Amino acid sequence: MSDGRGGHALCLDLSVCMFSPGPSSHSPKRLVCLFHAWEEWAGLDQEDYLSVLEYLLWVFTPLAIVFIVPFLIVIFLYLSILFLHVYKRKNQLKEAYCNNLWDGARKTLATLWDGHGAIWHGYEVHGMEKIPDEGPALIVYYHGAIPVDYYYFLAHVIIQKGRTCHSVADHFLFKIPGFKLLLEVFSVIHGPQEECVRALKNGHLLAISPGGVREALFSDETYPLLWGERKGFAQVAIDSRAPVIPMFTQNVREGFRSLGTLRFFRWVYDRFRLPIAPVYGGFPVKFRTFLGDPIPYDPNINAAELAQKVQQAVQSLIDTHQQIPGSILRALLERFHTKYKAH
């Protein structure tokens with residue numbers, strides 16, 4: 001303290017504040033008195049307050065940003081839903097005269113997402129010619145913490161191929177309020193094998209990530225594939241006689257990362273199937289999506305063999321195009337590279 005008094009003086013000040021006589025209406029004054037007593041004991045003045053605030057802002061602002069940006073993606077999704085609702089109202093009279101009401105809406109949203117990917121991530125697709133112009137194909141991809149790279153890829157397919165790629169998503173996505181219309185318009189299904197086979201037999205593109213939510217939450221910057229013994233996607237390809245196209249996006253783990261590696265979040269997911277692990281990031285790193293060579297239908301292999309073959313193909317894309325472990329700084333610097341070189 002500036003006047004040389006010690007802890008006894010603080011106790012005396014507090015005693016005066018707490019036990020001074022007066023009606024209950026004087027309680028705000030007592031609070032002010034307590035505050036001044038603490039202020040005097042701590043030896044703080046106005047400049048000290050400003051210094052402390054500046055330090056706190058310096059420390060916590062970056063943390064706030066990396067946790068807020070993932071919510072901006074969710075906001076963008078809800079803005080997409082809002083646009084669909086507006087578009088639906090505007091075109092009610094045309095519905096009777098148009099067999100496919102949502103083509104315009106899909107292309108408009110695809111243009112918005114494509115623009116976002118180009119601006120924020122310098123997004124590129126390598127191997128787009130491997131996506132057939134017509135006929136079925138099963139696209140199998142690595143799942144990032146937030147699969148924003150997949151949204152950009154869907155936009156590319158709609159714009160460049162004029163096709164809608166059906167997607168398989170986790171059940172919890174269908175329980176999020178307001179998402180129903182978005183999922184319907186973009187042909188998202190929750191994944192029964194019969195429905196997947198039907199989509200492919202009808203000549204559609206279908207995309208699935210065997211790792212799903214588990215891979216999204218618990219994979220990390222070393223990019224392990226968390227597929228376990230899953231082979232249902234391979235059986236879908238066999239039953240529909242569709243080729244399988246492996247896909248991987250470079251630096252997807254540097255764009256968004258998950259705290260799922262902490263034991264608590266893994267325990268909650270294993271016990272209750274709740275994907276509550278926080279996701280942070282939104283860093284404007286370079287994204288490049290790579291499509292591998294199609295794996296044609298082979299009647300002589302079973303689902304387990306095909307699943308292993310596809311996993312090896314996706315792992316090969318990771319080994320070829322991703323430097324391990326991933327680095328956010330390196331991925332940011334790649335935004336300034338004009339030409340891509342495989343690792």
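Predicted model: local features only at pLDDT ≥ 70, side-chain atom pairs only at ≥ 80, totals over all residues.

I started at the end of helix 11: just after the helix, arginine 273 takes a positive phi of about 60°.

Next I went back into helix 11 itself, residues 263-272. Which residues are buried there? I found Phe265, Val268 and Tyr269. They span an arc of only 95° around the axis, so they sit on the same side of helix 11. I then checked what that side packs against, and the buried residues meet helix 8 (212-218). Turning to the other side of helix 11, I found Arg263, Phe264 and Arg271 exposed.

Then I looked at a pair of helices. Helix 9 (residues 232-240) and helix 12 (residues 303-321) pack at an angle of about 110°, and their axes are 8 Å apart. Angles of 65 to 115 degrees count as roughly perpendicular, so that is what I wrote down for helix 9 and helix 12. On the helix 9 side, Phe233, Ala234, Gln235, Ala237 and Ile238 make the contact; helix 12 brings Ala303, Leu306, Ala307 and Val310. I sorted the residues of this contact by class and got 8 nonpolar, 1 polar and no charged.

Last stop: arginine 257, in strand 7 (residues 256-258). Is arginine 257 buried or exposed? Its relative accessible area is 15%, and the cut-off for buried is under 20%, so arginine 257 is buried. I followed its side chain to the backbone oxygen of arginine 253, at 3.1 Å. Leaving aside neighbours within four places in sequence, the contacts of arginine 257 include Ala145, Glu221 and Tyr280.

Terms used: Residues numbered from 1 in each chain as written. Heavy atoms only, no water. Helix = DSSP H or I, 4+ residues; strand = E, 2+ residues; numbered from the N terminus. Buried < 20%, exposed > 50% of the residue type's maximum accessible area, 1.4 Å probe, protein only. Polar contact = N/O pair within 3.5 Å; in protein donor to acceptor, adjacent residues only side chain to side chain. Contact = heavy atoms within 4.5 Å. Axes fitted to C-alpha atoms, helices over the stretch in contact; angles between N-to-C directions. Parallel < 35°, antiparallel > 145°, perpendicular 65-115°, else oblique. Nonpolar A, V, L, I, M, F, W, Y, C, P; charged D, E, K, R; others polar. Arc of directions from axis to C-beta.
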